[in-house]
Amino acid sequence: MNPLYEQVIELVHSADEIIFDENLVHAVTVKGAADYVTKVDFAVQEFLRAGLAILTPEVKLISEEQENKDLDPAGSYWILDPIDGTTNLIHDYQMSAVSLGLYEKGQITFGVVYNPFMKETWHAVRGEGAYLNGQEIHVSHRADFETSVISFGAAPYDKGLAAQLFPIMRHVFEACSDFRRCASCALDLCYVATGRIDAYFELNLKPWDYAAGSLILTEAGGKIGTFRGKKLPYLQNTDLIAATPEIYDRLRALIFEMPTDELKLS
């Protein structure tokens with residue numbers, strides 16, 4: 001692995017002291033419906049901004065807790081979610097992660113997702129496989145949808161979609177073995193990559209939610225795309241489906257067996 005990426009992973013790990021600062025965790029601001037930010041989010045963002053500026057001064061930062069304007073699809077960016085799963089962090093659910101991806105000319109070339117509570121670090125370099133704590137990982141390759149475990153996002157920031165979305169969830173639930181819910185896109189993608197779950201789907205995700213995890217998922221042998229089967233846009237919001245290659249098309253078909261006219265699909 002490129003020594004730069006090793007330094008970036010070390011930098012992400014060194015945000016531990018901030019993440020475990022109880023005073024920062026409980027300093028909460030409400031941004032919107034079911035949408036929160038803590039001083040941990042801001043502090044981790046600024047800590048990593050400073051470190052990345054030293055390591056890669058030529059690469060700009062896209063991050064959740066800042067304004068991101070005039071993005072060039074041909075450019076290079078670090079895409080950061082300082083805490084993916086802020087509500088989990090506030091509730092000490094211990095399913096939160098730092099997610100950092102490197103975007104270069106339309107694709108993600110490196111990604112790291114770190115859950116400090118479980119001391120689990122996923123990383124991937126394009127073309128070099130996916131790893132959890134240094135050990136190579138692969139999706140489950142489960143082909144039987146009826147025995148598959150699926151994770152989903154409930155679009156909590158747009159509860160007006162619930163009447164349309166929850167019947168779809170029920171339809172999928174009745175066809176699979178069971179549901180799980182991390183409430184962290186980055187961790188859901190990594191869990192599919194590790195074979196802990198077999199698929200995941202969600203609406204209205206931001207680039208920092210999915211950038212790093214999407215590369216980890218594909219390098220582990222998974223398949224990912226929008227609900228309509230397009231490539232992920234990376235610099236825009238999107239819906240997505242991630243799954244083993246064997247059940248990806250079945251999950252898409254189940255979703256579109258239900259009315260989707262009111263859903264905001266990419």
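The legends below describe close-up views of a predicted model.

Local features are given where pLDDT is at least 70 and side-chain atom pairs where pLDDT is 80 or more, while totals for chains, interfaces and linings use all residues. Residues are numbered from 1 along each chain as its sequence is written, and side-chain values use heavy atoms, with hydrogens and water left out.

**View 1. An open sheet of seven strands.** The strands follow the order S3-S4-S5-S6-S7-S8-S9, and their pairing is mixed. Strand S3 (60-63) and strand S9 (135-136) are the edges; each has a single partner strand, so one side of each has no neighbour in the sheet. Helices (H or I, at least four residues) and strands (E, at least two) are DSSP runs numbered from the N terminus, and two strands pair if DSSP finds at least two bridges between them.

View 2. Helix H4 (residues 39-55) lies across S3, strand S4 (76-84) and strand S5 (97-104), and runs at about 150° to S4. Helix H7 (residues 185-194) also packs on the sheet, where it touches S4, S5, strand S6 (107-115), strand S7 (120-125) and S8. The direction of H7 makes about 75° with that of S7. Contact means heavy atoms within 4.5 Å. Axes are lines fitted to C-alpha atoms, for helices over the stretch in contact, and angles run from 0 to 180 degrees between N-to-C directions.

**View 3. The two sides of helix H1.** In helix H1 (residues 3-13), the residues Tyr5, Val8, Ile9, Leu11 and Val12 are buried. Down the axis of H1, its buried residues fall within an arc of 160°, so they line one face of the helix; the arc is that of the directions from the helix axis to the C-beta atoms. Buried means under 20% relative accessible area, exposed over 50%, and partly exposed in between (1.4 Å probe, protein chains only). Pro3 and Glu10, on the other side of H1, are exposed. The cover over the buried residues of H1 includes H4, S4, S5, S6 and S7. At the start of H1, a side-chain oxygen of asparagine 2 comes to within 2.8 Å of the backbone nitrogen of leucine 4.

**View 4. Glycine 111 in strand S6.** Glycine 111 has its place in strand S6 and is buried, at 0% relative accessibility. Apart from neighbours within four places in sequence, glycine 111 is in contact with Leu100, Gly101, Trp122, His123, Ala124, Ala212, Leu215 and Ile216. Threonine 226 is 115 residues from glycine 111 along the chain, and their C-alpha atoms are separated by 19 Å.

**View 5. Cysteines without disulfides.** The structure holds zero disulfides, a disulfide being a pair of cysteine sulfur atoms within 2.5 Å. For cysteine 176, the closest cysteine sulfur is in cysteine 182, 15 Å away, which is too far for a bond. Cysteine 176 is buried, at 8% relative accessibility. Cysteine 185 is in no disulfide either; the nearest cysteine sulfur, in cysteine 190, is 9.2 Å away. Cysteine 185 is buried too, with a relative accessible area of 4%.

View 6. Six of the six residues of strand S14 (residues 238-243) are buried, so S14 is largely enclosed by the rest of the structure. Thr238, Leu240 and Ala242 point one way from S14, and Asp239, Ile241 and Ala243 point the other way. In a regular strand the side chains alternate between the two faces of the sheet. Strand S12 (residues 199-205) runs antiparallel to S14 and is joined to it by five bridges, with glutamate 202 opposite leucine 240 of S14. Strand S13 (residues 223-225) pairs with S14 in the antiparallel sense over three bridges, and glycine 225 is opposite isoleucine 241.

View 7. S12 is mostly covered, with six of its seven residues buried. Strand S10 (residues 149-152) pairs with S12 in the parallel sense over three bridges. Phenylalanine 201 of S12 is opposite phenylalanine 152, and its bridge partner in S14 is isoleucine 241.

**View 8. Arginine 252 in helix H9.** Arginine 252 is found in helix H9 (residues 248-256) and is partly exposed, with a relative accessible area of 23%. Not counting residues up to four places away in sequence, arginine 252 touches Thr226, Phe227, Arg228, Gly229 and Ile241.

Methods:
A polar contact is a pair of N or O atoms within 3.5 Å; within protein, one must be able to donate a hydrogen and the other to accept it, and residues adjacent in sequence count only if both atoms are side-chain atoms.
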